[in-house]
Amino acid sequence: MPEYEAIIGLETHIQLNTRTKIFCSCKADSWNDPPNTNICPVCSGLPGVLPVLNDTVVEKAALLAAAMKASIEPVSYFDRKNYFYPDLPKGYQISQYDMPLALGGYLDLPMPDGYTRRIDIHKLHIEEDAGKTKNENGQRLIDFNRCGVPLVEMVTGPDLRSADEAAQYLLRLRQLLRWLDISEADMEKGHLRADANVSIRPKGADHLNPKTEIKNVNSIVALRDAVQAEIDRQIQQVESGGKIEAWTLDWDDNAGVLRKMRSKETEADYRYFREPDLLPVRIDDTWREAILAQLPELPLERRARFMREYELPEYDADILTGERTLSDYFEQAVQAYGGDPKRVSNWVMNDVLRLINDRNVPAEKLRITPEYLGEIIKLVDSGRINTSTGKSLVEKVEDTNQSPDEIVTAEGLGVVSDDAALRGIISEVIEANPEQVSTYQGGKTTIIGWFVGQVMKKSRGKADPQLTRSILEELLSK
Amino acid sequence: MDLCDLPAIDISRLIHLGEISALEVLESALERVSAVDGRPGTLDPGDKESGDNEKVHAFIHLTADRARAQAEQIDQKLAAGEDLGPLAGVPFTVKDIFCVQGTPSTAGSRILANFIAPYTATSVARMEAAGGVLLGKVNLDEFTYGSSNESSAFKPTPRNPWDPEKVPGGSSGGSTAAVAAGQGALSLGTDTAGSVRQPAAFCGVVGLKPTYGRVSRYGLIAFGSSLDCPGPVARNVTDAALMLKTIAGADKSDGTAASLPVPDYVNGLRESIDGMRIGLSPDYFRITYFDETTGELDEQPISAEIESAILSTAGFLAQMGADIVEDIPMPHTKYGVPAYFVISRVEAASNLHRYDGVKYGYRTPERVDYLPELYRKTRAEGFGPQPKLRILMGMYVSAAQYSEQYYNRALRVRTLIRRDFEQVFDPQGPYRLNALLTPTTPTTAFPMGEVYGDSVLMQYADQLTVPANHAGVPGLSIPVGFDTQGLPIGAQLLGPDFSELTLLQIGRAYERASDGEDWRQRRPTVVAQGK
């Protein structure tokens, strides 16, 4: 059996997070709203209405284009894509066809096992979404809320070579969209939708075989599973002498299987023509510069810089740049602390991230600011508090909004390194636990850890662990 | 002369002065409607009734109650000393291709017969805000597809007030017939290939197609979106200027509406036309068409009576100080109709997609289990022959395998037509024209039933008007006399982008120069007989 490679391209639809729709002033996000409540004459296709372009849509899409290294075209056009469907109220979708907002572009995709795959972007344009159709009790119910919600359609070249690469691309895309604050990019809510085109060929070949299209995947895991299942199916089919036909497949996530939706023999003719109701989109130098001024350092660039500049391991850099606000937090904490960035990384990844996840607070809204975190680490470094006090301080600052220093002073959390005071506590512990003392003295000296724990407990974590251990050794050996 | 025969500008002035009331004017207009209009168009007119052929039948839907409420409000405002607006108490009609909140907005089609618009078109809203009193919605060719008004699904269709055996023209035939017969001083029409100017010429009134984008299209049920222009219909140039001033200007609901400031078209009429260069082009004194059997371009001169009326118009303008420049080449005029056939139908077919029986309008009463069957039956039953022809043609010429050959080629022709205009209006060019003077139509109003059914022949009624729609430039049709049958003749003035004021000045200058002519005293047959 020859070795096969998969050829995968992804067609993504990205719902932009604008406040209003692309061509009218209805609220764009209808999540959890009752059907047909965010609609007006324009987005429900009444006779006589006209679309008016929401500039923010252009700006957000252009920002994505810039992040994908695509060229933002000075002039682009809207076109009508004509077809009949009940949830398409005008009978055509306003989209862009031959002169879209941006051309070219790519993403260099770092894979976990170390190599990088360049994914070319074939197409990037803006368009309006259609409504939703639901079949219920033999009736077709139409919800126009989603009509006119702004979308970016972005299509990759056939550049992905495995189900993992396809999943990784979506992960990176989702990260980027949130980073740029242009989409919520939630696949479960349909803010990010992906259809996969899959074909296989013997490894090393350079032709393209007939492909199938997988639709209806609504998570990154589902996409990976669906693509893998389709690769396996195609290999099996070819190995058993069969042919691959250009099917459209539907992924059933519950059953974990692909189902054939339809054969795709002929391409539909959408009779594209220029949308006469909208002027060309002209992005002059002033507007372009204003848009590009919003373009931040991108997640993969920042990730590389963290590894280079702060000498962080790839693992740390990846987690810290998972979200833009977290990476900003980290950098501010590094500055506030002034010492080893890896030490800050450990604190952020363990303690701050836990707080963010447990309390569902974004990094920029934490009351334990990067400056406070730097202060805590410095307190630990100086020996004024021990590590476990430091860790509990992270939560205390978040709870009280007081500075670490104030809390340490107010609660007397400073390390007890006063010999006499410690000896008092340790003597009490020894007296109260004669059984353990004899165990120790019987030769099982590892039980000293248990004694340290007891002392810590009694001192409410303030005992200097080093000193405690040496006093314990001294007293128990008597 | 009744109150309803007064020009809009006089009605407004007299109401402002308190000399007449808005309600009096309205009642006069309503009396005129009941005297001349006969029964309104309906989907199910039954047998022909006696007298149908002598009436105008401009209306589909009279909004008398709404109008009375508006007129009373004007009178109350006057009593309270409030601002009345420049169209105070002026009764006007609206071509039923515009949405007006709470009124049936039918487009003259069965498929929209039950559609009550939930919003009001920008231009209508502006007229009402200026104090205009909406008399009702008037008939038109179905979805504006025609030049005679005979294709409306609402019958009886309008007749020409000067001779009810003749068509009023179209597609704004209800508008021009109503204004000619004194059923409102103004009407809001639309012009996609000549649909304001051609019926204005046939009915002896003033019709203006503004520059594309000068007037918002919001609320205008679309035909050819890149060609459609709302435009005023009035009995004189000053009223057309007054109405244009009211409806023109940027609109946040229409991104293609121009944001250029709106000139004072009315006060601007005082300016002289001395020294203006007005051109005559031989390309506008003939019609060219493709021979049915050979496919070769053939040509015919326009009627001699029309030609001499236009030359006489040029003479009056010369008296007023204009320079008449002859032999202006407009070589691509002859391709206007074929290119229009393609472009307008591609846009029309797409614009008609939304009428699918799903959301509003007509839906087949038959039970269907298969979705495409709902579309097929609904559209087969709801659309008349003209929309169907346009859908067939539009779908054909925009199909992937034909669009280069037809649609894209037509767009290139359109560019050439635009270039004809740019060259003759170029202030640095060889011709430096302020305007072109042409006949509006190749013939005067033709008999009812004579041309209808031949959509190619019908289209040639637009040959002299459609180039302005391709180019986007403004065109004004003014009455300049009558032929020997007693039918009105219209002259057309065409100018560069946003030159409406110039065209109106020329039109007004002609009115002043020809004021003493006997034909100016004529009144439409239906009005004279209705007395």
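Visitor: How far apart do the C-alpha centres of domain 2 and domain 3 of chain A lie?

Guide: This is a predicted model, where local features need pLDDT of at least 70, side-chain atom pairs count only at pLDDT 80 or more, and totals for chains, interfaces and linings use all residues. Residues are numbered from 1 along each chain as its sequence is written, while chains are lettered from A and ligands numbered from 1 in the order in which they are written. Chain A is assigned domain 1 (4-290), domain 2 (303-411) and domain 3 (419-476), with bounds from an automatic or database domain assignment. Between the C-alpha centres of domain 2 and domain 3 of chain A, the distance is 32 Å.

Visitor: Which residue stands opposite Lys81(A)?

Guide: Strand 4 (residues 79-82) of chain A runs antiparallel to strand 5 of chain A, and four bridges join them. Over in strand 5 of chain A, the residue facing Lys81(A) is Gln93(A).

Visitor: How many residues does the contact take from chain B?

Guide: Two residues are in contact if their C-beta atoms, placed from the backbone, lie within 7 Å. Chain A gives 24 residues, and chain B gives 35 residues.

Terms used. Pairing = 2+ DSSP bridges. Helix = DSSP H or I, 4+ residues; strand = E, 2+ residues; numbered from the N terminus.
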